[in-house]
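I opened the notebook to go through one structure from chain to side chain. The entries below are in the order in which I looked things up.

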Amino acid sequence: MHIDCTINGNERTFEVSKTDLLLDVLRRDGYTGAKRGCDTGACGMCAVQIDGEPAMSCVTPVVKVDGATIETIEGLGTQDDLHPVQQAFVDNSALQCGFCIPGMIMRSKALLEENPSPSEAEVREALSDNLCRCTGYKKIVEAVLDASERMADRGVAADGGRSSDRGDDCRCAGATGKTGPDSRGETRR
Amino acid sequence: MTDPDDPKPDGGTASRSERESPEFEDHPLEWDEPENNDLEPDERASVSRPAQKDDDPKLVTGQAKYTADYEQRFPDLAHAAVVRSEIPHGYVTDVDASAAEGMDAVHAVLTPWSEETPDAKYTSAGQSYPEPSPWDMNVLNDHVRYVGDPIAAVAADDAETARTAADSIEVEYEEDDYVLDPEEAYSEDAPRLFDDDEVENEIVGHDYSRNRMSRIDGEIGDVDDALERDDVHVHETEWETIRQSHAQIEPHTSLAYTDEDDRHVLVTSTQVPNHTRRQLAHLFDIPIRDIRVSKPRVGGGFGGKQAMVVEPIPLALSLAADRPVIYEATREEEFHAMRSRHPMNVRARTAVTEDGSIEAIDLYALSNTGAYGSHGMTVAGNVGSKPMPLYSKVPNARFEADIVHTNTPQTGAMRGYGAPQGTLALEGHLDEVARDLDLDPVEFRQRHYMEVGDLDEIAGMMGGEGAERRIRSCGLDECIERGKEAIGWDALEQPDEEHRHRGIGMALSAQGTGVAGDELGAAQLMMNEDGSFHLHVGGVDIGTGADTAFIQIAAEVLGCEETDIVIKSSDTDVTPFDYGAYASSTTYISGMAVKKAAEDAKGRILYWGSKLLEEPESNLDTGDGTVYSEETGASVSLEEIGYEAAYGHDEREHILGKGTHCTEESPPPFAAQFADVTVDEETGEFDVNKLVVAVDCGVAINPGMAEGQVEGANHMSYEMAVCEGITFDDEGRAEVTSFDEYDWPTAAETPTIESILVETHEPTGPFGAKSVAEVPTNTVPPALSNAIREAVGVRITDMPITAAKIKSALEADD
């Protein structure tokens with residue numbers, strides 16, 4: 001069967017089987033920004049937005065997105081022109097291995113569209129379906145709060161951060177810049 | 001003991017060891033440090049400045065490529081699935097794979113007896129050579145020792161077909177008795193997991209008649225004598241830790257193929273590319289030169305990928321199927337068939353005089369290494385050798401450990417590497433002793449802990465060569481002072497409700513930086529004609545930002561922008577040798593190799609600068625993208641030098657630098673942890689109001705990244721204190737197979753974590769750096785146990801700390 005949907009503003013048609021999951025279809029088609037973390041919807045690595053709502057693509061049957069509008073991390077900013085949420089993650093040192101980050105950013109973007117000025121507790125609650133093993137969440141939460149301010153300052157929340165003047169002052173403010181196995185080698189590892 | 005007139009350069013104030021002692025010559029306090037290594041903050045252009053992480057723009061846009069993202073590049077890629085033991089112990093008597101073999105889309109099926117299945121014994125531990133872990137397993141096993149042991153593997157067109165084919169394989173077993181409890185396993189009557197002839201590379205202290213893979217011990221002074229003295233109190237406590245999962249977000253993933261140049265290539269999510277290459281060569285009897293291990297972006301490791309866990313399977317399948325094969329572990333496999341932290345029982349004993357002088361510390365650990373022995377001996381060694389040296393002034397110290405097998409899943413390296421288990425026991429124990437003696441727990445520790453100048457003999461007591469060390473940087477005092485202030489130590493307000501009580505607990509920790517005498521890092525630097533550079537490093541960035549730290553170190557030396565350096569790390573065909581990302585060694589060892597490579601290149605750059613400026617090299621230095629003269633102010637850009645060197649009329653040179661670093665040093669970073677908790681004495685429920693951890697990591701090469709390491713490590717440490725970890729049913733089947741069941745703290749469930757970087761200067765490290773990523777993994781379990789003791793007077797010694805345990809202890813106390 002085939003389905004039609006809009007991905008990051010482009011109309012697309014996919015040949016799929018009824019049992020395909022959205023994550024598999026996206027990744028097969030080169031949208032590898034969404035990551036496979038659990039296949040049970042429990043970790044948030046594969047989060048995208050479907051018709052504006054955050055969704056775990058690893059548990060979303062692809063047949064459900066026929067006719068839908070899908071946004072993935074690839075549709076946000078580019079490396080040279082980051083979306084304010086992406087820029088805030090960079091500037092707040094809010095990512096390490098980065099595997100959770102596409103999902104985390106998509107979830108954060110959805111939050112800020114729904115609630116442009118969340119409290120710290122609201123950010124933590126919203127992100128509790130998205131796991132991160134590296135950061136301890138602190139800098140991620142700070143990044144989302146920072147993104148909230150940036151988007152409010154620039155009035156870009158409504159257009160999803162697509163305005164053209166973003167990011168130009170964000171490049172990291174302030175940056176300038178022997179023993180063998182038969183021995184007692186307990187300090188080795 | 002203390003000489004106030006002998007202040008140490010970084011704030012330490014005393015030294016136990018006399019400078020004229022014989023040991024001093026082997027471990028001098030004054031380190032022969034290059035002039036440019038000790039930069040004041042205002043002299044730093046790149047190091048310890050908040051440089052943007054090099055790969056961040058790719059990571060936030062989803063463009064960074066992890067192993068699974070390479071699928072698109074191989075149109076004929078097959079996917080692997082593995083058949084795993086459904087019994088805890090026994091022998092596979094028959095594998096009927098005929099159904100799988102008959103499927104159209106199946107390209108290879110391997111059993112323990114297939115020709116393409118390697119039959120050599122090996123260890124999955126990704127360690128240096130010779131490996132300090134026993135060779136006790138096969139890629140596919142017919143003697144299975146845990147639920148999850150790999151038996152057969154399939155490669156098929158897609159993951160679903162591979163799984164269907166794997167599920168169609170029928171395995172017949174002859175079941176054997178099994179044992180899950182380490183104390184039961186360590187008895188002569190227990191079922192035996194290994195016959196002696198089933199293990200090669202046996203480890204010191206092995207006794208397979210009692211399921212013991214190793215026993216280790218070390219002592220300084222005479223602990224028994226001290227424990228029997230009339231003037232001491234002997235205190236004894238016992239502690240138990242959880243089986244923690246690495247739960248790294250990217251599953252173990254590995255893609256294998258043979259390329260057009262007959263190179264066997266592994267694109268794999270690993271912390272140890274060079275060790276993996278060597279181990280694969282051993283297993284497959286292929287020359288090291290013919291194997292290429294390439295590490296793309298890695299989605300976290302935490303020690304779980306300091307192991308060759310999955311790589312042999314796709315390689316064997318790709319050889320059998322003659323096509324590329326990828327194996328991506330499922331999340332369920334991650335919990336029951338990959339690796340975990342060694343659960344341990346640790347007994348702490350001290351002999352303490354009435355006035356609070358610790359005369360002896362005695363630690364004993366019983367470590368459950370699971371079905372196989374990877375990292376078993378070395379992790380257990382670190383239970384003693386990491387935390388005990390913190391109290392370097394204690395004259396008598398002993399550590400012993402038995403490492404035993406059970407029919408449970410495999411354990412391995414994990415961030416902290418034994419130190420979390422030892423730190424819980426020691427820091428919980430000392431807190432309890434202080435309370436018994438009515439001493440201030442902080443002052444009690446301060447009387448005995450490390451200071452600059454101390455000769456740390458405890459670190460060397462178990463015989464690791466070069467492990468004994470001189471302490472040349474120590475910020476413990478400042479860590480405690482700033483931690484106390486941040487947690488509000490002196491102004492704690494109690495809740496209004498009478499049944500709720502608030503308390504602060506604290507714990508200290510020390511780790512190492514690399515493995516003394518057993519590390520190697522190397523780097524190469526090439527200058528392009530436009531003045532930019534390519535930096536090739538064996539060092540492995542598994543998400544910590546190591547690549548960025550390397551760039552900052554090189555940029556500091558070369559006087560260029562970080563963006564003028566292109567880095568390639570961790571591809572064994574391209575980058576120099578490196579032991580890998582473990583033991584908190586990356587910035588210290590590989591970073592020093594980078595520094596040396598940059599210095600080497602800088603020497604040639606100054607030569608060319610001297611030619612162009614017609615001034616002696618001794619007048620010149622690099623900075624702001626130029627070579628400039630401190631005498632005349634004249635300068636020439638690195639770009640001009642690059643073009644001149646490449647295209648000059650009378651002389652030409654490709655400017656190259658190389659650096660290799662090995663060392664006998666392993667300076668400890670330090671941490672002081674504080675936990676603020678409110679406990680309800682009626683229910684036992686507790687709220688962790690705040691965690692504060694102050695860390696002395698020397699100079700933080702990138703402060704934002706270092707804070708991130710501290711906060712992430714502390715979160716993992718908090719999990720050790722409050723999460724059940726991986727639990728098993730009566731047959732050793734993991735009850736945790738998903739993130740939901742593992743139930744580690746989410747963003748909403750995580751208390752506020754405040755990280756404090758305390759800067760000292762470690763003269764043996766690049767620009768003064770020590771390690772940062774492990775030491776904050778050790779401290780929350782004891783600090784939280786101590787806080788609850790402070791709040792409501794009960795002591796929880798077995799992790800995790802739960803409301804039910806507190807309530808039960810309170811009721812027993814009544």
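**Entry 1. Ground rules.** I worked on a predicted model, in which local features need pLDDT of at least 70, side-chain atom pairs count only at pLDDT 80 or more, and totals for chains, interfaces and linings use all residues. Residues are numbered from 1 along each chain as its sequence is written, chains are lettered from A and ligands numbered from 1 in the order in which they are written, and side-chain values use heavy atoms, with hydrogens and water left out.

**Entry 2. Chain A.** I looked up the secondary structure and found five helices and five strands in chain A. Helices (H or I, at least four residues) and strands (E, at least two) are DSSP runs, numbered from the N terminus. The order from the N terminus is β-β-α-β-β-β-α-α-α-α. Of the 189 residues in chain A, 58% are buried. Buried means under 20% relative accessible area, exposed over 50%, partly exposed in between (1.4 Å probe, protein chains only).

**Entry 3. The A-B interface.** Contact means heavy atoms within 4.5 Å. The area buried between chain A and chain B is about 6200 Å², with 53% of that from carbon and sulfur atoms. Buried area is the accessible area (1.4 Å probe) that two parts lose on being put together, summed over both.

The rule finds seven salt bridges across the interface of chain A and chain B. A salt bridge is a side-chain nitrogen of Lys or Arg within 4 Å of a carboxyl oxygen of Asp or Glu. I noted the one between A:Lys138 and B:Glu711, with the closest N and O atoms 3.7 Å apart. Polar contacts between chain A and chain B come to 20 residue pairs, both residues at pLDDT 80 or more. A polar contact is a pair of N or O atoms within 3.5 Å; within protein, one must be able to donate a hydrogen and the other to accept it, and residues adjacent in sequence count only if both atoms are side-chain atoms.

A:Ser128 is buried at a relative accessible area of 16%. Beyond its neighbours within four places in sequence, A:Ser128 contacts B:Thr746 and B:Ala748.

**Entry 4. Aromatic pairs.** The count over all chains is twelve aromatic pairs. Rings of Phe, Tyr and Trp (its six-membered ring) pair if their centres lie within 6.5 Å; planes under 30 degrees apart count as stacked, over 60 as edge-to-face and the rest as tilted. B:Phe335 and B:Tyr742 make a tilted pair, 5.3 Å centre to centre with 35 degrees between the planes. B:Phe335 is in helix H9 (residues 331-337) and B:Tyr742 in helix H18 (residues 739-742) of chain B, so the pair ties together parts that are 407 residues apart in sequence. B:Phe335 is buried at 3% relative accessible area, and B:Tyr742 is buried at 1%.

B:Trp489 and B:Phe674 are edge-to-face, because their planes stand at 85 degrees, with the centres 5.7 Å apart. I also noted a cluster linked by ring pairs: B:Tyr146, B:Phe194, B:Tyr208 and B:Tyr372.

**Entry 5. Helix H10 of chain B.** Is H10 (residues 376-385) of chain B enclosed or open? Ten of its ten residues are buried, so H10 is largely enclosed by the rest of the structure. Its buried residues pack against strands E7 (212-220), E13 (344-353), E14 (358-370) and E15 (396-405), and against H11 of chain B.

B:His429 is in that helix H11 (residues 419-436). B:His429 is buried at 1% relative accessibility. Its contacts beyond four places in sequence include B:His235, B:Glu236, B:Trp239 and B:Arg349.

**Entry 6. B:Asp696.** B:Asp696 lies in strand E27 (residues 686-696) of chain B and is buried, at 0% relative accessible area. Which side chains make polar contacts with the side chain of B:Asp696? One is that of B:Thr760, at 2.5 Å. Another is that of B:Lys770, at 2.8 Å.
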